[in-house]
Amino acid sequence: MGKTILITGASSGLGAEMARQFAALGHDLALCARRTDRLEALRAEIAAAHPGRRVEVRALDVDDHDAVFEVFRAFRADLGGIDRVVVNAGISKGVRLGTGGFDVNRRTARTDFVGALAQTEAALEIFRDQRTGHLVMISSMAAMRGMPGSATTYAASKAGVAHLAEGVRADVHGSGIKVSVIYPGYIRSEMNERVKNAPFIVSTQKGVAAIVEAVEKERPRARVPAWPWVPVGFALRHLPLPLARRLMG
């Protein structure tokens, strides 16, 4: 049976492609992001491809924490319930620590972790009341181990997202609420379109298909695509730092 899925950061990249692929599987959608023009275009695209799907859209900046709660509650009222929330919105800007880039790093930490915390709170408010739901947290393979250079704050924030998900899973164990944390490897998107030499990078469609498969199976945690990121993740966690740095790039 189709579910009602709320996706944040759905105007482009992984979020937009998840919307397309979930719609193709028969799910209704609640899509939010800052760029409503793109959301409207995505809604029209999905309606043309899948006339039976319901797609609601709303503007949301996840740095506006009060708005996160308002938008999630409004989607629930519009759609009569929310079965799954995908905490996806984020940014990847960063500056090497100690080089004068605190404002940039603070913004990344605020959006990627505190924004994710607000989304998690808002989702769980709904799920606890419904006594059911599936929380999906999009982390990153960068969360496997502290990253050097401009990726340090981003990686730390995504590690925080992963630990937040694990904590929620422990808290709701035995209830009707399920939690998945997804660790994507290098997947081509607007966020990394200027990166030329990312190892093992795959297309948006292929990478998101791996995410969607893991989410549909409600896996507690998944590194995607499985090849090569399952063995790479193990290596990142266990190799000595000089060798791990080579994998980090």
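**Close-up 1. Salt bridge between Lys178 and Glu218 in the predicted model.** The closest N and O atoms of Lys178 and Glu218 are 2.7 Å apart. The pair joins distant parts of the chain, 40 residues apart: Lys178 belongs to strand S6 (residues 177-184), and Glu218 sits in the loop between H6 and strand S7 (221-224). Lys178 is partly exposed at 44% relative accessibility, and Glu218 is also partly exposed, with a relative accessible area of 23%.

**Close-up 2. Salt bridge between Arg84 and Glu216.** The side chains meet with an N to O distance of 2.8 Å. Arg84 is part of strand S4 (residues 84-87) and Glu216 part of helix H6, so this pair ties together parts that lie 132 residues apart in sequence. Arg84 is buried, at 1% relative accessibility, whereas Glu216 is partly exposed at 31%.

**Close-up 3. Salt bridge between Arg54 and Glu56.** The N to O distance between these two side chains is 3.0 Å. Arg54 has a relative accessible area of 37% and is therefore partly exposed.

**Close-up 4. Salt-bridge network of Glu17, Arg20 and Glu45.** Salt bridges link these three residues in a network. The structure holds 15 salt bridges.

Close-up 5. Thr204 has 16% relative accessibility and counts as buried, because the limit for a buried residue is under 20%. Leaving aside residues up to four places away in sequence, Thr204 touches Gly13, Glu17, Ile187, Arg188 and Ser189. One of these contacts, Glu17, also belongs to the salt-bridge network with Arg20 and Glu45.

Notes
Residues numbered from 1 in each chain as written. Predicted model: local features only at pLDDT ≥ 70, side-chain atom pairs only at ≥ 80, totals over all residues. Heavy atoms only, no water. Buried < 20%, exposed > 50% of the residue type's maximum accessible area, 1.4 Å probe, protein only. Contact = heavy atoms within 4.5 Å. Salt bridge = Lys/Arg side-chain N within 4 Å of Asp/Glu carboxyl O. Helix = DSSP H or I, 4+ residues; strand = E, 2+ residues; numbered from the N terminus.
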